[in-house]
Amino acid sequence: MVLLAAFAAPAFGHETLKLDTPKPLLAPTPPMGWNSWNKFGCNINEALVRQQADAMAASGMKDAGYRYIVIDDCWQKSRDADGNIVADPERFPGGIKALADYVHSKGLKFGLYSDAGALTCGGRPGSAGHEFQDARQYAKWGVDYLKYDWCHTGTRNAEAAYTIMAKALRESGRDIVLSICEWGVNQPERWAQQVGHLWRTTGDIFDAWEGKKDWSIGMTNILDLQAERWRHSGPNAWNDPDMLEVGNGGMTSTEYESHFSLWAMLAAPLIAGNDLSKMDAETRRILTNADVITVDQDPLGQQARRIWKQGDIEIWARQLLGGEQAVVLFNRGKAPAEMTVSWDQLNLPAALKADVLDLWSKKVSKNVRGRFGGTVAPHGVIMARITPRP
């Protein structure tokens with residue numbers, strides 16, 4: 001999305017609504033699904049979305065836990081005489097309700113995009129001033145998830161604007177996940193827990209190991225902005241470092257493994273952004289790694305912390321339910337690195353014996369004491385699950 005100026009301002013009188021009902025428990029673990037933007041941008045249509053739903057159901061993605069099919073910007077065209085949002089009739093001739101029904105028929109859930117401004121980032125009608133009307137329409141169509149962006153918002157107050165939409169969704173008659181997408185510029189960690197189910201922490205990702213492209217930044221740049229955010233994330237209230245780029249071609253398989261591993265450690269929503277209908281075996285292998293997904297979906301919901309860093313090598317650790325831990329040994333460098341993590345770094349007794357499962361090689365090391373490690377490939381990870389022995 002185009003990152004236009006978005007500065008917090010005092011709330012207008014009509015924006016000082018308070019939430020009268022508690023946030024519904026719709027995301028006890030981070031949402032998993034697919035979104036159209038990273039691969040297709042505005043080049044979306046009804047046939048494409050059906051194709052992606054078919055592929056999610058048939059490719060193993062659904063079995064791995066992916067559920068949401070989310071249409072991003074450019075599905076909407078205008079408003080009718082009564083102010084109701086209208087889908088682009090050329091791109092979506094069957095209408096949104098029929099498309100949602102089709103997605104639901106696959107055992108999946110359906111998501112749409114809108115914006116808190118007068119226009120979306122792509123210049124389509126936004127929801128400002130139409131929040132309750134739009135929320136009722138989404139409910140009638142069978143929408144399960146709303147990604148709500150922050151373009152063309154002028155002097156709107158972010159907390160107030162998102163609170164209005166949250167209230168509208170809760171009064172719509174249907175349970176709808178609210179994905180707050182204001183890029184982290186208005187300190188959502190201070191207010192979003194009561195409002196949305198997930199909130200973006202940064203500007204957009206682009207399909208690269210590192211760097212900057214227009215308003216977007218690379219994968220490791222986004223990762224660095226997550227290190228101190230672990231205090232604010234948890235069940236039904238997730239930090240969102242943006243969607244996955246796995247399979248889009250801008251990184252190597254090793255880098256995509258790192259991307260997927262680190263997002264799982266962050267308890268991030270796992271929202272695929274590739275073309276599911278043309279997914280190769282390597283992309284499928286990464287996106288459906290059950291052991292990595294299990295870490296992401298751990299019910300404790302504790303985001304990983306970066307517990308050690310020296311030059312290009314660093315260690316991330318995450319507490320799991322039941323006393324287990326997930327650990328990533330991460331090598332940002334261009335040469336292989338020998339890395340270890342000690343039990344002391346993980347706040348474990350030095351004499352503790354544990355079983356260590358490498359989540360990519362699937363190697364199990366029994367009765368490990370004191371430390372573990374190995375050779376980490378350039379731009380790669382060793383991701384492990386540590387299970388203390390009784």
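Close-up 1. Cys42 is partly exposed, with a relative accessible area of 25%, whereas Cys74 is buried at 0%. Here buried means under 20% relative accessible area, exposed over 50%, and partly exposed in between (1.4 Å probe, protein chains only). The model is predicted: local features need pLDDT of at least 70 and side-chain atom pairs count only at pLDDT 80 or more, while totals for chains, interfaces and linings use all residues. Residues are numbered from 1 along each chain as its sequence is written, and side-chain values use heavy atoms, with hydrogens and water left out. A disulfide, defined as a pair of cysteine sulfur atoms within 2.5 Å, joins Cys42 to Cys74 with an S to S distance of 1.7 Å. Cys42 lies in the loop between α1 (37-40) and α2 (46-58) and Cys74 in the loop between β2 (68-70) and β3 (76-79), so the bond ties together parts that are 32 residues apart in sequence. Helices (H or I, at least four residues) and strands (E, at least two) are DSSP runs, numbered from the N terminus.

**Close-up 2. The disulfide of Cys121 and Cys151.** The sulfur atoms of this pair are 2.0 Å apart, and the link is right-handed, with 90 degrees about the S-S bond. Because Cys121 lies in the loop between β5 (109-115) and α5 (131-141) and Cys151 in that between β6 (145-149) and α6 (158-170), the pair connects parts 30 residues apart in sequence. Cys121 counts as buried at 13% relative accessibility; Cys151 is buried at 0%.

**Close-up 3. Cys181, a cysteine in no disulfide**. For Cys181, the nearest cysteine sulfur is that of Cys121, 7.2 Å away. Cys181 is buried, with a relative accessible area of 0%.
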